[in-house]
Amino acid sequence: MTPKEALDFAKENKAKVVDIRFMDFPGVWQHFSVPVGELSESLFEEGLGFDGSSIRGWQPINASDMLVVPDPATAKMDPFFDEPTLVVIGNIVDPLTLEPYTRDPRNVAKKAEAYLKSTGIGDTAFIGPEAEFFIFDDVRFESRRNGCFYEVDSVEGIWNSGRDECNNQGYKPRHKEGYFPVPPMDKFQNIRTEMMLILESLGIPIEAQHHEVATAGQAEIDMRFKPLLEMGDQMVWFKYVLKNVAYRHGHTVTFMPKPLFEDNGTGMHTHISIWKDGNPTFAGDKYAGLSQEGLYAIGGILKHARALCAITNPTTNSYKRLVPGFEAPVNLAYSSRNRSAAVRIPMYSASPKSKRIEFRTPDPSCNGYLAFSAVMMAVLDGIENKIDPGDPLDKDIYSLPPEELAEIPSAPGSLEEALIALEDDHAFLTKGDVFTEDVIEKWIDYKIASEVNPVKLRPHPHEFYLYYDI
């Protein structure tokens, strides 16, 4: 969509307001609105000013002025606001140099796509995330100097099987038994369908929606694969739509990786394939129908997986899910069909066009622009350097004897461990200036100061259970 087409689109839809949106550094959508009378073709070149020092991880107060330049190709009508509102996603620009801002996550994704083309390996990276989430009825939490707590609740929670509900009907999925039950056990079919149809009305194709494994409303909606930058844009719309549909029905959606103890966490299995001139480069006659390039791509992911986790699993809570011996794929191995491996080659179809690799470790707390770019950069590094992934592991990793399991490398056990790995191993990300040294350094510093240390410094409620009487 050109600037003129975006203006025509706004007029056709009787837009009264224009909402400008962009992603902050950690990965939360930001916005501000202007009257539609401010919308002109020049706006798509000159942009609008804002205070970059008030955005997490961005500018100091003495250099706070920034520009956001709307991208007309992203124009959509908001499905939730009372007044007809045109939404455009913007790119962040330095107002003095007019250069794209290095810490703008969308800029990282744009540079990643450009770098792919420069390598000659391919011209398109297709990304297909399977983002899981929870639909809760109620969430309460507090963190003070002298106390903290959290509590989530759901009409589906098995812990409510004995609650007086003035007609408790008992249809509540047991722990780890929530995969695919029909209503009335599945309480959220209609809400998920509403989410799915709104996403499709925004031009975001959906493959499926369903209940997931955990009790208490765990769910998944799968978007059809798209090129990297486009999927980054879709991912922010995805979270926005799901949260707002749940909110207007009196529920709340979270993409937090591990909100429940002793039940499945929330992952985001991420499928990636590289295409060139309309052909899939990962299809071939090697293991599981992969090409040699596809195997090298796996080698790149496995080699850099510990560093990747700092971006694909970027919260302290992510590592409550990534615990060895439980459901998450922490063992850095690959296989066809085997869901206990960190990298899987899906075998649903024999068509070469469906050949892809699935990195199963990521979770949806990540910033999609950064996570998808980082995974692609690891894939390209594997192909460029012909990184051998070794032999596949087609056994159930969880049932391996300890001596065999000890030989398989594992994902980091904490965010701090992942950030140390990223500090030691990030040259593959800085190729083509995709991730600048400034971005890597700021990411590590921000995460340590804002998340790792605050969690490390606070007593955990369970510690009182374990140790108060010592």
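**View 1. Lys-386 in the loop between helices H8 and H9.** Lys-386 is found in the loop between helix H8 (368–384) and helix H9 (402–405), where helices (H or I, at least four residues) and strands (E, at least two) are DSSP runs numbered from the N terminus. Phi of Lys-386 is near 50°, a positive value in a residue other than glycine. With a relative accessible area of 54%, Lys-386 is exposed; buried means under 20% relative accessible area, exposed over 50% and partly exposed in between, with a 1.4 Å probe and protein chains only. The model is predicted, so that local features need pLDDT of at least 70 and side-chain atom pairs count only at pLDDT 80 or more, while totals for chains, interfaces and linings use all residues. Residues are numbered from 1 along each chain as its sequence is written, and side-chain values use heavy atoms, with hydrogens and water left out.

**View 2. Asp-277 in the loop between strands E14 and E15.** Asp-277 lies in the loop between E14 and strand E15 (279–280), and although Asp-277 is not a glycine, its phi is positive, at about 55°. The residue Asp-277 is exposed, with a relative accessible area of 61%.

**View 3. Helix H3 and the elements that cover it.** The 15 residues of helix H3 (residues 105–119) should span 21 Å at 1.5 Å a residue, and its end C-alpha atoms are 21 Å apart, which agrees; the expected span is 1.5 Å times one less than the number of residues. The buried residues of H3 include Pro-105, Arg-106, Lys-111 and Tyr-115. What covers the buried residues of H3 includes strand E1 (17–23), strand E7 (124–136) and helix H5 (228–248), contact meaning heavy atoms within 4.5 Å. H3 is followed by Gly-120, whose phi is positive, near 80°.

**View 4. The loop between strand E9 and helix H4.** Pro-184 lies in the loop between strand E9 (147–153) and helix H4 (189–201), and the peptide bond from Pro-183 to Pro-184 is cis, with omega near 10°. Asn-167 also has its place in the loop between E9 and H4, and Asn-167 is exposed, with a relative accessible area of 58%. From C-alpha to C-alpha, Asn-167 and Ala-63 are 60 Å apart in space, and they are 104 residues apart in sequence.

**View 5. Tyr-465 in helix H13.** Tyr-465 has its place in helix H13 (residues 461–467), and at 68% relative accessibility Tyr-465 counts as exposed.
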